[in-house]
Structure formats: C-alpha cells, structure tokens
Amino acid sequence: MTDRFTDRTILITGAGSGLGRASAVRLASEGAKLSLVDVSEEGLAATADAVREAAADAEVLTITADVSSDDETQSYVDETVAKFGRIDGFFNNAGIEGRQNLTENFTAAEFDRVVSINLRGVFLGLEKVLKVMREQGGGSVVNTASVGGIRGVGNQSGYAAAKHGVVGLTRNSAVEYGEFGVRVNAVAPGAIWTPMVENSMKQLDPDNPRQAAEQFIQANPTKRYGEAPEIAAVVAFLLADDSSYVNAAVIPIDGGQSAKY
Ligand SMILES: NC(=O)c1ccc[n+]([C@@H]2O[C@H](COP(=O)([O-])OP(=O)(O)OC[C@H]3O[C@@H](n4cnc5c(N)ncnc54)[C@H](O)[C@@H]3O)[C@@H](O)[C@H]2O)c1
C-alpha cells in the first residue's frame, strides 16, 4: 500500500456498511484521516473497528446523521471541519435500494423516500462540501451512482430516477468547480456483493435468495459479483492525485455488464 493519503482528510457517507466501509479501510491503510457518517451507529462502530484493524493509528471521527436532512448534513460537515480543519476528499455514497415494483405499483411515497436519500442526500452533501473545498482551494469528490444510473434496470423507478440524477449532479458540479481545483466524479457500480444486494435478492426470491443471486449473476460477462474492495480501489484512485485530470467522469465498475447488448 502507498501513503498517498497521509495528512488528508476524507469524509465518507454510508460508511457503516458495504462500499463505504471497504473504502474507509482502504483509505485508512493508505494514511487517510477519516470522518465517517451513517444513520447506523452500530454500522459505524463496526467500520471504525475494521479501520483500526487495518491501520492501528488511524484518526477516525464517527458521526451519526441522516444524509437526507439539511441540518444533519450541515452538522456532519461542520464537525468534520472542526476536527480536521479541511476536507480533502468526499465519498458521497449513502444510499438505499427501495422496494422493487412495476412503476404502476411503485407508489409516490416510496419514490419520495428513495429520491430523498439517494438524490437529495447527494445534493445536500455537494452543496455543503463544495463550498468548503472551493474556499480551501481544492478537493476531490466521488459520488456513488450505479449501473441503474446509466441503464434501465426495471422495477426501480425511485432508484433509477435518483441515480440518473446523481450522474447529472456529478457533471453539473464538475463543470462548475473545475476552475476552483475541485474535481467531481462518479462511480457506477454493477452488482457488488454487499448487504444491499443480499436484500435485493431476498426481494426477488424470498424463499431462495441464494439461487436468485446465482441466476442473476450469470448475465454478467465475468459471471461473478464484484467485491466491495474492488470499488474501494477505484474510489481511492479518484480521490487521489493519480487522477488529477479526471473530472466529470462516470466510471462503470460492473465487470462489463453495462456494455452488454
Ligand atoms: N452494492 C451494489 O451492488 C451497488 C450497486 C450500485 C450502486 N450501489 C450504491 O452504493 C452505495 C452503497 O451501497 P452498499 O452496497 O454499500 O449498501 P449497504 O446497504 O451495504 O450500505 C449503505 C449504507 O448507507 C447507510 N444509509 C442508508 N440511508 C442513509 C441515510 N439516510 N443517511 C446516512 N446513511 C444512510 C446505511 O445505513 C448503510 O450503512 C449506495 O448509494 C448504493 O445505491 C451499490
């Protein structure tokens, strides 16, 4: 591992599980100081343990907050700046899948719930963090979109609308903030084996989620699920100076799924 994040502060939302946790571990093992945000206090505690296992002397701040709340977003940004003085990297990642259903059965309430976390939450994070990064003279943001933000998946009205929106927000802020030394990119994961995907398989087949999972992944060119550290590696690249001229990119990490006819 390198030490390319030494003296850098990275803020991660959705840090209590899956992609957020794997990224926290990866970034800490490359020297980052971390501010970890999630609604789940338990998840945050488990991530902090995993981080310390990977990097015993890592500086870690955990903050329980709901990314869809304006006030709580302002608080997690303020607490991070109060402790570390700056935010060098922001992994704007928290999200939920929502219930799967045909559009006619989706319901406006479920649509609002998913969009409020997956899209409004990403906007609120950008709104607050981009100001900090502009004032400090630079930074790098990675938003979590999805293959469902660049392709139609089906049965996911709220998720599709939100993740396509995340792609739009990414390009919009990248174009606005490039001149301030701030880069904004997105990752678009495919099927990565995390609790979210496990739950998704339970929705597809409550009686036999394992079989549903096996069947589902056969359509992928690699015929396997991605693992969270495989996303973390790309997130680390985008947050580091290695990607200094990458701005407004939306990078699929999906084993080639989104290219398939
Ligand atoms: N796993 C995949 O295959 C996959 C594919 C494409 C995109 N994604 C996206 O990746 C991101 C992370 O997903 P994951 O697979 O790690 O899922 P996960 O369920 O393992 O982790 C998501 C984390 O976000 C937190 N969270 C949920 N609502 C929140 C809120 N309102 N405020 C703060 N935290 C909240 C949860 O508590 C959880 O810890 C999500 O945006 C998801 O849409 C995942």
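1. Basis. Residues are numbered from 1 along each chain as its sequence is written, and side-chain values use heavy atoms, with hydrogens and water left out. As the model is predicted, local features need pLDDT of at least 70 and side-chain atom pairs count only at pLDDT 80 or more, while totals for chains, interfaces and linings use all residues.

2. Helices H1 and H9. The axes of H1 (residues 18–29) and H9 (residues 228–239) come within 8 Å and cross at roughly 60°. The two helices are therefore oblique to each other (angles under 35 degrees count as roughly parallel, over 145 as roughly antiparallel, 65 to 115 as roughly perpendicular and the rest as oblique). In H1, the residues Gly18, Leu19, Ala22, Ser23, Arg26 and Leu27 meet Ala228, Pro229, Ile231, Ala232, Ala233, Val235, Ala236 and Leu239 of H9, where contact means heavy atoms within 4.5 Å. The residues of this contact divide into eleven nonpolar, two polar and one charged (Ala, Val, Leu, Ile, Met, Phe, Trp, Tyr, Cys and Pro count as nonpolar, Asp, Glu, Lys and Arg as charged, and the others, Gly among them, as polar).

3. Helices H1 and H2. H1 also packs with H2 (residues 41–54), at an angle of about 30° and with the axes 9 Å apart; H1 and H2 are therefore roughly parallel to each other. Arg21, Ala24, Val25, Ala28 and Ser29 in H1 meet Gly43, Ala46, Thr47, Ala50, Val51 and Ala54 in H2. By class, this contact has seven nonpolar, three polar and one charged residues.

4. The pair Trp193 and Tyr225. The ring centres of Trp193 and Tyr225 lie 4.8 Å apart with the planes at 65°, so the pair is edge-to-face (rings of Phe, Tyr and Trp, its six-membered ring, pair if their centres lie within 6.5 Å; planes under 30 degrees apart count as stacked, over 60 as edge-to-face and the rest as tilted). The pair links distant parts of the chain, 32 residues apart: Trp193 is in the loop between strand S6 (182–189) and helix H7 (195–204), and Tyr225 is in the loop between helix H8 (209–217) and H9. Trp193 is partly exposed at 33% relative accessibility, whereas Tyr225 is buried at 10% (buried means under 20% relative accessible area, exposed over 50%, partly exposed in between, with a 1.4 Å probe and protein chains only).

5. Leu61. Leu61 belongs to strand S3 (residues 60–64) and is buried, with a relative accessible area of 15%. Leaving aside residues up to four places away in sequence, Leu61 touches Leu34, Ser35, Leu36, Glu79, Thr80, Lys83 and Phe84. Leu61 and Lys83 are 22 residues apart in sequence and 8.2 Å apart in space, C-alpha to C-alpha.

Note on methods. Axes fitted to C-alpha atoms, helices over the stretch in contact; angles between N-to-C directions. Helix = DSSP H or I, 4+ residues; strand = E, 2+ residues; numbered from the N terminus.
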